[in-house]
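Q: Hey, could you walk me through the ligands in this one? I'd like to start with the contacts.

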Amino acid sequence: MSTMLSQAKIAFVGAGSMAEAIARGLIQTEVANPKHVYMMNRSNQDRLAYLRSEYGLEATSDPETKNVFIREADVVVLCMKPKDVETAFAELAPLLNEGQLLISVIAGLSIEKIEKLLQTNMPIVRTMPNTSSTIGLGATGMSFSAKVNDTFKQFAIQMFEAVGTVTIVDEDKLEILTGVSGSGPAYVYYFMEAMIKAGIDGGLSEEDARQLTLQTFLGAAHMVQHTKEDPAELRRKVTSPNGATQKSIEALDRFQFNEAVTQAVFASAARAKEMGEQIATTSPVGKSL
Ligand SMILES: NC(=O)C1=CN([C@@H]2O[C@H](COP(=O)(O)OP(=O)(O)OC[C@H]3O[C@@H](n4cnc5c(N)ncnc54)[C@H](OP(=O)(O)O)[C@@H]3O)[C@@H](O)[C@H]2O)C=CC1
Ligand SMILES: O=C(O)[C@@H]1CCC=N1
């Protein structure tokens, strides 16, 4: 394979939110050539037309063209939902070869299960990215199969560093990492939705409530990054004794904010694990494993 990211042919199997987020990041940072980015889905033609016109990449749901894309690819990125894995893998298995690098973004699906399902010894990189990869600010967790050599490791790291940060963890940490950073953007948006609504309920215009909330999140995240202080210490600096913020933190504590966030992170991790476990281990290429 071409180990130069800029020359590599990257085939995304699944053309949804996550595939778009990674492809968009790679194309916009000019790390990948759009003509070498192949997107495949099951049937949604409008989606493929949008991806073609927006990014200039190659996109298809035609079985023959998909076969060509997969065979030609240096890297195959598995981007379908866990529920679609069995069908998709049945189509994929005969087309893959051991010179290719396989990258999975599928929540909960273990490397061992991918190897069993595809009956392959290919090098496999299991990742858990997030949708902020779209703008180059993703946070990706990553684990490697024993077959991934240093060249492939560097390739995968470079690919995801082009769209954000990469954190390498033992594979058994990828579920809890899903709870923190894979699902994490959703909690932040949920928090923002609630703050905007509260501002509007209190009398701010929608535009002002939105702008103030956005800047507050941006500013707070940058403060953590730039000052390198603990979030707890930064919070203390906002919270004047017996002042306004103390009352709001007490309100959050009354509603068990900490516990709610902990439960959210653990619920995501548990569901990721469950989705992976629910994928049958019967080989889609026909042999019982
Ligand atoms: N969204 C997120 O924030 C994150 C998602 N992930 C993981 O990414 C994966 C994809 O999620 P997401 O992008 O949100 O899902 P989407 O539903 O947005 O996209 C799924 C895509 O898979 C395609 N697909 C389904 N079956 C097949 C098949 N047999 N062959 C080819 N393509 C197929 C669908 O095509 P069609 O529309 O034509 O049916 C669709 O394009 C999941 O496994 C998820 O766990 C990981 C991290 C974050
Ligand atoms: O909700 C999901 O299952 C995926 C995994 C992490 C983010 N989205």
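A: Happy to! Let's begin with Ser17: one of its backbone N or O atoms lies 3.0 Å from an oxygen atom of ligand 1. Keep in mind that this is a predicted model.

Q: Okay, and which side chains have a polar atom 3.4 Å from an oxygen atom of ligand 1?

A: Asn41 has a polar side-chain atom at 3.4 Å from an oxygen atom of ligand 1. Lys81 also places a polar side-chain atom 3.4 Å from an oxygen atom of that ligand.

Q: How much of ligand 1 does the protein bury?

A: The protein buries 83% of the 910 Å² that ligand 1 exposes when taken alone.

Q: Nice. How many residues surround ligand 1, and which are the closest?

A: There are 24 residues around ligand 1, and the closest are Ala15, Met18, Arg42, Ser43 and Met80.

Q: How does that shell divide into nonpolar, polar and charged?

A: For ligand 1 the shell has 13 nonpolar, 7 polar and 4 charged residues.

Q: Which helices each supply at least two residues of the shell around ligand 1?

A: Those are helix H1, residues 17-28, and helix H4, residues 85-92.

Q: Switching over, which residues are around ligand 2?

A: Around ligand 2 you'll find Ala107, Thr178, Gly182, Ser183 and Met275. On its own ligand 2 exposes 240 Å², and 50% of that is buried by the protein.

Q: What about the make-up of the ligand 2 shell: how many nonpolar, polar and charged?

A: The shell around ligand 2 has 2 nonpolar residues, 3 polar ones and no charged ones.

Q: Last topic, domains. What does UniProt place at residues 9-108?

A: The unreviewed UniProt entry gives "domain: Pyrroline-5-carboxylate reductase catalytic N-terminal" for residues 9-108. That stretch is 41% helix and 19% strand, with its end C-alpha atoms 26 Å apart.

Q: And which annotation covers residues 171-275?

A: According to the unreviewed UniProt entry, residues 171-275 are "domain: Pyrroline-5-carboxylate reductase dimerisation". Residues 171-275 are 83% helix and 0% strand, and the end C-alpha atoms lie 16 Å apart.

Definitions and conventions. Residues numbered from 1 in each chain as written. Chains lettered and ligands numbered in written order. Predicted model: local features only at pLDDT ≥ 70, side-chain atom pairs only at ≥ 80, totals over all residues. Heavy atoms only, no water. Near = heavy atom within 4 Å. Areas by Shrake-Rupley, 256 points an atom, 1.4 Å probe, with all protein chains shown as cover. Nonpolar A, V, L, I, M, F, W, Y, C, P; charged D, E, K, R; others polar. Polar contact = N/O pair within 3.5 Å; in protein donor to acceptor, adjacent residues only side chain to side chain. Helix = DSSP H or I, 4+ residues; strand = E, 2+ residues; numbered from the N terminus. UniProt positions renumbered as here; feature names shortened; annotations may be inferred.
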